[in-house]
Amino acid sequence: MQQSCMNGSRFKKSSSADAQRIKKEFTTPKGAPQPGTVRGGTGTHAVGRWCSAPLVADDSLGAVMTCVAQAIVRFDNLTLGYNRHPAVHHLKGEIVAGSLLAVVGPNGAGKSTLLKGIVGELRPLQGCVELIGISRENIAYLPQQSTLDGSFPIVIYDFVAMGLWAQFGAFRSFNRKARQRIEEAIATVGLHGLENRPIGQLSGGQLQRARFARVILQDSPLVLLDEPYGAIDANTVRDLAALVRRWNGEGRTVISVLHDFEHVRQEYPETLLLARELVARGSTTEVLSEENLQRARHLAEAQGEVSGAPICQANSIAEHHH
Amino acid sequence: MTILTDTLAGLPLFSPFIEFGFMRRALAGCLALSLGATPIGVFLMLRRMSLAGDAISHAILPGAAVGYLFAGLSLSAMTVGGLVAGIAVALLAGGVARNSVIKEDTSLATFYLISLSAGVLIISMRGSNVDLLHVLFGSVLALDDAALLLLAGFASCSIVAIAAGLRLVVLECCDPSYLARISRLSPLAHYGFMVLVVLNLIGGFHALGTLMAVGIMILPSAAARFWGDNIVPLILVAVLIAFTGSLIGLLLSYYVNLPAGPAIVLTLGGLYVLSMIVGPLGPLVSRLRPRWHFER
């Protein structure tokens, strides 16, 4: 893994201790490389700027670790895919702790794949995802297509309670405080009074609320939501979006795959536009420009044909340059 | 005390169990099976693996048959043989399904057809038809101490395992990929559960035979599903149905002179049909439910 991390040039965003501030001060992904500015540990103030640090064999890794202490996820030349066809292609960059990031793009752009890569459900074809300061089990991930068996005879209370797994595991019994937290989480998502209803009797919106309640209990610093508002009414979207804002306000990093640009413009300060490759990243208003969106559409259309695709040489070319 | 037993002995419901030791043993064996195997059956059903249980129970046959080949109708030899064969097929069938174009149901069907024919062949090579019937349909009326202890032991193991691992097993059934993400115990939940299935099928095999062993797992579970929508009550109702069915089946076999194993399983089948008709979640009752409704 470390080998693949050493290849190629690297963009990274460094930050000071206040992750909340960085989110707002984030400027543009296309800064000119400024070697060296980010070195010097947690006290540096190269806020909201992308930079590339020169990498020199072994000691570079330590330098990288210190200069990006505030990043929570880092993509290094990340290529994810199915059956050797890439769905996310040579993605580089970082997500700063405390970000509220929307991932948008056409269908098949690799948005869901990217989240699967972050939680480790999909092994990278190349490059790597690094999680900083969080383990895979602690990520709260709401997949688009879950394996949840809606006909399973379990009531909302028990279903939501499974969010406490990290603390109580398989065997410990819930104490009074835990039961109180479960009830609070259910009330927060507006399902109070339905604790004893089987999940099979819930509407789509109610089930999504229950899944959000489970995320509340997971109490994770990194929340990944994959199209959380598909086929869900406006009221539910409003309530759940408020919850997302609250999570972000508590300093959690939230990454959401979304389709509704209007919603993204209203709720998400930062956006990553993906069309298998990174099209744009930065403040939402800049990323969601007509030009960028058109470029993403073109890229997605160009990728329609997959049979007989040539083998990607990007990495060997990069190596030649060095 | 004697007065009490005398009055009970006068009742046709109790007299066979008071008069005859073999009936008491049969009842105790059935109680062990109801407590041990039926909860496992509930989870098999909820995981849509009822047929997998069937396949594994048949897979036990050639293993038990090889044990029989070496040691005759010996409890320990047949148990060990069955255990090895059952676990091997449970793992193999899952492995083949995951790593090839064959789907899991087909994979299980192939294994159980092969095992069943191999088992019948091995036993008929050496033994009599009586032995074959014994293996296929069990001998609940001839449980000796060792067999009873084995049944009780397996039942105890599985009760403790299910009680301790309930959260794991429920989540493994209900939302397996969530479990796989948040816990490293996910493989334990899967394979541990399969081992419990095999253990209980072997217990059932001694009492009811390979063909009937799945009956006491699946039929009460399916019947209980018509009665409730919450997992723990579901398990309790299933256990109750299993034991009631066994009791009625044993009495039927005593009074009407029927083979005990099939009588028990058929009674369970009857309770299933009854639950389907009168159970609140059954197809009939949910259709006939009155038209009034709550305000919210």
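In chain A of this predicted model, an open sheet is formed by 3 strands in the order β4-β3-β6, with antiparallel pairing; two strands are taken to pair if DSSP finds at least two bridges between them, and strands (E, at least two residues) and helices (H or I, at least four residues) are DSSP runs numbered from the N terminus. The edge positions are held by β4 (85–96) and β6 (126–131) of chain A, each of which pairs on one side only. From one strand to the next the twist averages 15 degrees, where axes are lines fitted to C-alpha atoms, for helices over the stretch in contact, and angles run from 0 to 180 degrees between N-to-C directions. Strand β3 (residues 71–82) of chain A pairs with β4(A) in the antiparallel sense over 8 bridges, and Ala71(A) has Val96(A) in β4(A) as its bridge partner. Helix α4 (residues 111–119) of chain A packs on this sheet and touches β3, β4 and β6 of chain A, its direction making about 120 degrees with that of β3(A); here and below, two residues are in contact if their C-beta atoms, placed from the backbone, lie within 7 Å.

Residues are numbered from 1 along each chain as its sequence is written, while chains are lettered from A and ligands numbered from 1 in the order in which they are written. As the model is predicted, local features need pLDDT of at least 70 and side-chain atom pairs count only at pLDDT 80 or more, whereas totals for chains, interfaces and linings use all residues.

Chain A also contains an open sheet of 6 strands in the order β7-β8-β9-β5-β10-β11, with mixed pairing. At its edges stand β7 (140–142) and β11 (277–283) of chain A, each with a single partner strand, so that one side of each is left without a neighbour in the sheet. Direction ignored, neighbouring strands of this sheet are turned by 15 degrees against each other on average. Strand β10 (residues 270–275) of chain A runs antiparallel to β11(A) and is joined to β11(A) by 6 bridges, with Leu274(A) standing opposite Leu278(A) in β11(A). Helix α12 (residues 290–302) of chain A lies across β10 and β11 of chain A and runs at about 160 degrees to β11(A).

Chain B, by contrast, has 16 helices and 0 strands. Its C-alpha atoms fill a box of roughly 55 × 55 × 30 Å, taken along the principal axes. The radius of gyration of chain B is 20 Å, which agrees with the value near 19 Å that a compact globule of 296 residues would have; this radius is taken over C-alpha atoms, and the globule rule is 2.2 Å times the number of residues to the power 0.38.

Several helix pairs within chain B can be described in turn. Helix α4 (residues 50–71) of chain B packs against helix α6 (residues 104–126) of chain B at an angle of about 25 degrees, with the axes 8 Å apart. The two helices α4(B) and α6(B) are therefore roughly parallel to each other, a term for angles under 35 degrees, with those over 145 counted as roughly antiparallel, 65 to 115 as roughly perpendicular and the rest as oblique.

The axes of α4(B) and α11(B) come within 10 Å and cross at roughly 65 degrees, in a right-handed crossing. In this contact, Gly53(B), Ile56(B), Ser57(B), Ile60(B) and Ala64(B) of α4(B) meet Val197(B), Val198(B), Leu201(B), Ile202(B) and Phe205(B) of α11(B), and the residues divide into 8 nonpolar, 2 polar and no charged. Helix α11 (residues 186–208) of chain B also packs with helix α3 (residues 21–46) of chain B, at an angle of about 145 degrees and with the axes 10 Å apart.

Between the chains, 21 residues of chain B are in contact with 17 residues of chain A. On the chain B side, α9 (166–174), α10 (176–182) and α14 (231–255) each supply at least two residues, and the largest share, 6 residues, comes from α9(B).

Conventions. A crossing is left-handed if the near helix is turned anticlockwise from the far one by less than a right angle, and right-handed if clockwise. Ala, Val, Leu, Ile, Met, Phe, Trp, Tyr, Cys and Pro count as nonpolar, Asp, Glu, Lys and Arg as charged, and the others, Gly among them, as polar.
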